[in-house]
Amino acid sequence: MSYEVLARKWRPHSFDELVGQQHVVQALSNALDNDRLHHAYLFTGTRGVGKTTLARIFSKALNCEEGISSKPCGECSSCQEIDQGRFIDLLEVDAASRTKVDQTRELLENVPYAPVRGRYKVYLIDEVHMFSAGSFNALLKTLEEPPPHVKFLLATTDPQKLPMTVLSRCLQFGLKRLTPDQIRGQLQHILTSEKIDFDAQALALLASGADGSMRDGLSLMDQAIAFGGGEVRESQVQVMLGTVSRDYVYGLLDAVACGDGALLMERIAEVAERAPDFRSVLDEMLRILHRIAIELAVPGVERDEADASRLSQLANCLQPEEVQLYYQIGVTGKRDMFHAPDLRSGFEMVLLRMLAFRPDAGGSRPQKAVAEKRTQQRPAATASPAQSTPQPGNQKIQQASPNYASDQQTTTPQAPPAQTSTADDWSAIVAALDLGGVSRQLAVNCVLKSIDEKKVCLTLQQNHRALKSEMSERRLQTALCEHFNNKSLLLEIEIGELGSDTPAQQQAQADEQKVVDAREQMAQDPLVKAARQQLGATLLEETVKPV
């Protein structure tokens with residue numbers, strides 16, 4: 001016997017076997033059991049969600065020899081002939097191949113005649129939106145007042161193309177797209193019944209690739225079984241679908257969160273070695289960003305146990321506004337990828353755009369400024385002793401520059417003092433650190449408890465504990481080691497009450513004072529005074545911003 005594809009072999013034969021669409025099943029079951037039958041039904045929905053299957057089950061319930069019921073027996077000759085597609089009183093028509101008005105009139109010629117075998121003569125018209133205007137006109141009168149022995153079951157993926165005169169004559173049921181969990185559950189049930197080995201994560205990939213269509217999911221699974229030689233494995237499904245492991249996607253997002261362009265390009269090269277569909281990789285990034293946004297808004301609501309720790313760790317390293325920006329850049333970039341010279345370059349530009357437009361939160365410096373500082377520091381680190389000694393001709397310049405000493409302290413790493421815990425000292429250290437993103441937010445929201453040659457102890461307030469993660473601590477410790485030129489320097493951060501203002505609070509106070517000074521200066525301006533005295537003008541203080 002020839003092989004039968006899974007989509008046909010596992011087509012539901014009763015309402016109980018249908019996956020999803022419970023709202024439609026309940027309405028049709030009640031209508032059948034209570035004998036409240038309409039003469040025309042319209043089933044709408046995307047491809048592969050069960051429109052035609054539902055219509056066939058409904059036809060079987062109408063013509064079952066055991067009587068009209070929501071649970072047809074499935075064993076009588078009428079039920080079996082409907083399942084086999086050879087029931088004489090079920091006329092299945094593909095509207096796409098019968099668009100002409102003459103073909104529609106020919107179809108409706110037999111409407112007045114009684115059914116041959118069944119209780120009802122059922123006209124199942126698939127893709128009914130493909131009918132021409134003349135065909136719809138020919139159908140209208142019959143559709144409105146058919147003989148009592150005729151039922152019309154219409155199915156379409158595009159109900160907007162149907163005339164309102166047709167819609168008003170039908171009971172319309174909108175079939176929903178199936179969720180990935182529903183598709184995955186059905187795929188698992190089928191593979192278990194077929195005794196085929198599979199990976200749970202492989203089914204998750206297939207369910208996601210099905211895009212809400214059960215038929216597409218079954219077709220993909222057929223392809224995966226053939227590709228895997230009788231097995232469904234995650235690595236093989238990834239190759240088949242052009243996707244990569246979620247670990248690589250998390251690696252890309254980690255590099256974006258770090259703001260590390262070199263690391264990002266390395267991660268992209270690793271992904272490219274697996275010849276993926278870069279649009280699928282971007283889609284997976286957007287899914288993870290969506291889950292991160294939910295996790296940040298409502299912790300614990302959106303949680304997949306398979307990667308809960310990775311998701312939580314990444315969520316601790318990102319601010320909500322960063323996640324929203326990255327998501328918007330990704331959605332816009334997905335559209336622009338089709339206009340790029342190739343998909344990889346388009347994908348790279350999307351991720352580089354995320355780096356270029358990272359929010360400058362908490363006073364973090366732009367990437368260009370960081371790069372310039374590194375360029376300035378490199379010659380100072382490699383200069384010869386003769387070059388590092390101030391020349392006599394430059395003494396006047398050195399003395400005239402009030403920032404000369406501070407510039408020397410910034411460019412030359414120094415050992416930490418023996419003991420200090422003042423807020424000003426920590427603010428100066430943070431200003432000199434090469435940090436950005438969450439790690440800088442962690443630094444500016446801490447106060448210095450103590451510092452010596454071996455350890456830096458910081459205190460973080462309770463309401464900012466989300467900033468404390470393994471990644472942000474590691475970056476802050478690395479920056480401190482580089483600043484003090486001490487690779488063995490340890491970092492310890494405790495949660496507790498602060499004894500002084502953090503750098504972030506100091507900066508906020510300084511910004512507030514600038515606004516007050518700017519408003520006072522504006523109020524004392526001669527032009528403003530003249531406008532007030534002569535014109536009765538009013539100064540809108542909330543619009544005054546410091547330069």
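**Close-up views of a predicted model**

**View 1. The buried face of helix α4.** In helix α4, which spans residues 77-84, the buried residues are S78, C79, E81 and I82. These four lie on the same side of α4, because together they cover an arc of only 165° around the axis. If you like to think in helix turns, here is the background: an α-helix has 3.6 residues a turn, so residues three or four places apart point the same way. As this is a predicted model, please read every close-up here with that in mind. What lies over the buried residues of α4? The cover includes helix α3 (51-63) and strand β2.

View 2. Now to strand β2 itself, which takes in residues 90-94 and pairs with strand β3, residues 121-126. The pairing of β2 and β3 is parallel and runs over 5 bridges. Which residue of β3 is the bridge partner of L90? Look for V122.

**View 3. An edge-to-face pair, F131 and F136.** The model has 6 aromatic pairs, and F131 with F136 is one that is edge-to-face. Their rings sit 5.8 Å apart, centre to centre, with 80° between the planes. That angle makes the pair edge-to-face because planes over 60 degrees apart are counted that way. Are the two residues buried or exposed? F131 is buried, with a relative accessible area of 6%, and F136 is buried too, at 4%.

View 4. F278 counts as buried because its relative accessibility is 8%, where the cut-off for buried is under 20%. F347 is buried as well, with a relative accessible area of 0%.

**View 5. A cluster of aromatic rings.** Which residues do ring pairs link into a cluster? They are Y41, F43, F58 and F173.

Notes. Residues are numbered from 1 along each chain as its sequence is written. This is a predicted model: local features need pLDDT of at least 70, side-chain atom pairs count only at pLDDT 80 or more; totals for chains, interfaces and linings use all residues. Side-chain values use heavy atoms; hydrogens and water are left out. Two strands pair if DSSP finds at least two bridges between them. Helices (H or I, at least four residues) and strands (E, at least two) are DSSP runs, numbered from the N terminus. Buried means under 20% relative accessible area, exposed over 50%, partly exposed in between (1.4 Å probe, protein chains only). The arc is that of the directions from the helix axis to the C-beta atoms. Contact means heavy atoms within 4.5 Å. Rings of Phe, Tyr and Trp (its six-membered ring) pair if their centres lie within 6.5 Å; planes under 30 degrees apart count as stacked, over 60 as edge-to-face and the rest as tilted.
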